[in-house]
Amino acid sequence: MKRINIDFIRPYLMKNKILLPLAFFLSISITGTCQDLLNKINPDLFEKRWQAHWIFHPETSGTGYGVYHFRKTIDLDENPDTFIIHVSADNRYRLFVNGKAICFGPARGDILNWRYETLDIASYLKRGENVIAAVVWNFGEHRPVAQFTIRTAFILQGNSEKEALLNTNRSWKVTRNKAYQPVPIDFSMVNGYYAAGPGDHVNASLYPWNWEKPGFDDAEWQEVSLVNNPGSPRGIYNYSGNSGWNLIPRTIPMMEETKLTIPVIVRSENIQADEGFLLGTGSLTIPSNTRATLLLDQTHLTIAYPELWVSGGKNSEIKITYAEALLDAAGKKGNRNETLGKEIHGYYDVFKPDGGENRLFRPLWYRTYRFVELAIQTEDEPLVINDLYSIFTAYPFVQNATFQTNDAMLDSIWEVAWRTARLCATETYSDCPYYEQLQYVGDTRLQALVSLYVSGDDRLMRNALKQFDDSRIPEGLTMSRYPTYFPQMHPTYSLIWILMIHDHYMLRTDSAFTAPFLMGISNVLQWFEQRVDTSGLLGKLTWPNYMDAALGFRPAGAPPGTIDGQSAQITLLFTYALDHAAELFTYHGKQGQATYYLNLSKKLKQSVSDKCYDKSKKLFYETPDKKTLTQHTNVLAILTDAIPVNEQAEMMHKILEDKTLIPSQIYFSFYNMRALKKVGMGDQYLDNLQHWEIMINNGLTTFAERSLEGRSECHAWSAHPLYDFLATVCGIEPAGPGFKSVKIEPHLGKLNEISASMPHPLGKIEVHLTRAKAEGIKGRISLPEHLSGTFIWKGEKKVLHPGVQLIDL
C-alpha cells in the first residue's frame, strides 16, 4: 500500500490553472509510477464538497462512549493498479481491507483542521468480492484532553469515479460493539494529573469476532445514517453546506509500527511460568478456578499496543495493569531495576474471554509501560495464553545523528534521551506518554530542536508550529498546549512559540512557511506590551505564567511578581522574544516593525536594570523589592544582553556558584546552557549533567519530568542534552538563517576526543576531533556539497568548504 500525505501548510502549486499538491510524503520513494500516482489525486477534493457523507449509527446519541464497526462489500472485475481513498473519523478509526489492518487515524487536530488520510489500497484488493471495514470509537466523556469531537462518525471518499463505489453513504452497514465499556482513570489510580483517555473493558462473549473479514454475516447490521451535508474541505465557499469537520490532508507520515517482545518475567504467583509464551516458542496454561498473577518487565519504558492471544477460559477475567515504575511500601520508586518488595500501581484494561479459540485482546489506544501485570482469575475452564507481545508505535523518527566519546555515561545519556524523545512524539509532540499526551509549547520547542538535530525530519515541528498558531484566542495569545478541548493559557509559552518560529527560521529555508506567523507574533507581543505598567516592567498578568518547576514558583511554575506585577523574569523573557521577532520581521522585509520591537526591548531592559539590578551583588532580583534571586532571571539577563557583555562571564559564575539563587530545574536548565555557551564557558557544559547522571544510575530508561520521585517517568523536555551534545559539545550550529552556512565551535570540556555526525538539509555534517597537546585540536570535518562555513577553536578560525578537510590548530 502506498500511503500519501499532502503538505497542507504549503498547500498548493498553481499549474495549468489547476490546484495541485505541492509536497507529499510517501512511505516509498517518489519515483516513476509513484509520481504518476501523486498526479492522480483529485484536486477537487481540496476546494469542493465531497460526494461522501459522514455516516453514523442511527440509534446512538453520537456524543457518548461507544465502539462501532462499519462495513461495505464491493465486487471488482479486475485487480486494480491503483485505488486511492481518503479516510477520516471522529474520534478515531482503524481501517481494514479484506481483514488486514492497514491504517489508523485521523492525525490529531481540531474542528477547523480535521485531518484525513490518503491511501492507495490497490495491493489489498482482488478481483471479485472485497470487504472494506473500519472500527470507529468515541471515548465520550472519558476522551483524552487532546481529543476534539463533534459526534461519532466515519467518512471515506473515493479519489475518482472508479473509487466512488466506496463513498460512505447509505450502502454502508454499521453495528455497535457491546463488548466494550470504559475503564475510567482517576488521579489516585496513577498518582497524579491524568489526561490521556480510559482503559478498555472487553467482554469477548459480546464481541462480533471476524467482523472485518470476508464471509462474515452482517445481515443483522443496520443501515447507516448520514450527517446532513457531505464532507467539506476547509475554507470552501458554501454558505450552508459545511458538515462541521473542516477537512484538511494529513501533513505527517504514518506512525511506526514494530513488533516488540516482553523478555522478562519478574515473578509469578500460583502459576509456574517460563518465557516461552512471551517469545513465541510456547504457551502458558492457567488451570481452572485459579487466581494467578504475572509481573512482566519490558526492561525499558515503551509505548505500544499490547496484543494478547488466548484460547478457552470461558468467563475468566484478565486484568492488565501498566506502570512506568514499581513502588515500594512507602510509595517510592527507588532504583527502577530493583523489584523486590515492590508492587505495581497504574491504569489497566480488563479482558473477559468467551472460551473461543485464539481470541485477541488489543486496546483501542496505545499503552505506556515498562512493567505489566496480568492478574488472572479463571472459572470452570483453563485459560491458555498463546502469545503476548506488543506493537510499538511512535512518530517514525530515524536517528540520523551520531555522538561517540570515550565516556560511557555520555553514551548512556544519548541512548536514554533519544528513547525519551521517541516516546514523546506520535501524531503530535507530547509532554509525556503516560499521563497527558499533550503538546505543550515549552516542551515542544526543545523537542523540535532535538528532532532537527538528531533526525533531520522537520514535519512534526512544522505541524506543531501551525497547531499553536491555530490555537490563538481573540486576545492574541496561543494556548499553552494544543490540540486540546480544555483550554489552558500560559502567556509565557506564547513567547516561547516565537522563539520556536525563530528556531525554524535558523535551521530551515522556507519564508513561505514562516511569513503567515507574523500576524500571530504581532498579536502575542501586543498582548504583553499592553501590560507594561508605569514602572516600565510588566504589570499584573492574567492566566498562569509557567517558567519552571523551581522552588517557590507558585502557582503553576510562575515566578515571583507574576500575580502582583513587575516580574523581571517575565519582562526579560518578553524582551528575548522581541529581539527574536525583530530578526524575523527584518527577514520578511518589515524593518519598521522590527525597529519598533528592538526599541521596545531596549526600554524594557533598561527598566529591569534600573528597578531590579543590585550593583553590590551584581545580580538581578525577581522584583523591585529585591527579595528573591533566581538563576532564571540572571540567565535571561545574559541571553538578552540586559547586562554588558564584558560583565556576563562574572554573572554566569555567580549563577553557578551562589547557592542563594533558586536553581533552574531540568526544563529551564536548557536556557542556563545557552547562557553558559554565550559567555564562553561552553567547556563547562559536561560538568552540569548531574540530573541525568543520577537518573541513569537509578535505572531510569527514559528521563523524568523533574526528579527521581516525580510523577512522569518520561518527559520530553528532559531530552535536551541530545541537542547540546551536537550544538554545544560538537559546536555545530547554523551560521545564519536557513542553515545556509555552518559554524563549528566545539567545547570538548573533559573529553579528549569526539566523533559525531548530524543531518543537514544538504546532506550530513561529520566531525572527528582529538585534543592535541595542551591547547590544540586536530581532526577531520566533512561537509555536504554546497555547504561551507567556519571552524573556531579558542578564537582561531578556519574556513570550511564542502567535502573533507583536516583540522590542525
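Start with the charged pairs: there are 35 salt bridges in the structure, a salt bridge being a side-chain nitrogen of Lys or Arg within 4 Å of a carboxyl oxygen of Asp or Glu. Before you click, know that this is a predicted model, where local features need pLDDT of at least 70, side-chain atom pairs count only at pLDDT 80 or more, and totals for chains, interfaces and linings use all residues. Residues are numbered from 1 along each chain as its sequence is written, and side-chain values use heavy atoms, with hydrogens and water left out.

**Stop 1: salt bridges**

Select D44 and K48. They form a salt bridge, with 3.8 Å between the closest N and O atoms. Is D44 buried, exposed or partly exposed? Buried means under 20% relative accessible area, exposed means over 50%, and partly exposed is in between (1.4 Å probe, protein chains only). D44 has 31% relative accessibility, so it counts as partly exposed; K48, at 44%, is partly exposed too.

Now pick E713 and K333, a salt bridge whose closest N and O atoms are 2.9 Å apart. This pair links distant parts of the chain, 380 residues apart: E713 sits in the loop between α15 (690-697) and α16 (721-729), and K333 in the loop between β24 (317-323) and β25 (348-352). Those labels come from DSSP runs numbered from the N terminus: helices are H or I, at least four residues, and strands are E, at least two. E713 is buried, at 3% relative accessible area, and K333 is buried at 9%.

D579 belongs to helix α10 (residues 568-587) and K605 to helix α11 (residues 591-612). Both D579 and K605 are buried. For a network, select E436, E705, R706 and R711, which are joined by salt bridges that share partners.

**Stop 2: helices side by side**

Show helix α6 (residues 459-470) and helix α7 (residues 491-507). Their axes come within 11 Å and cross at roughly 145°; axes are lines fitted to C-alpha atoms, for helices over the stretch in contact, and angles run from 0 to 180 degrees between N-to-C directions. Where do they touch, taking contact as heavy atoms within 4.5 Å? Among the residues of α6 that meet α7 are M461, L465 and F468, and on the α7 side you'll find W497, M500 and I501, among others.

**Stop 3**

Which order do the 5 strands of the open sheet take? They run β29-β34-β35-β36-β39, with antiparallel pairing; two strands pair if DSSP finds at least two bridges between them. Look at the edges: β29 (402-405) and β39 (803-808) each have a single partner strand, so one side of each is left without a neighbour in the sheet.

Zoom in on β35 (residues 763-772) and β36 (residues 776-783), which pair over 7 bridges. Click V767 and you'll find its bridge partner, I781, in β36.

Definitions and conventions. Contact means heavy atoms within 4.5 Å.
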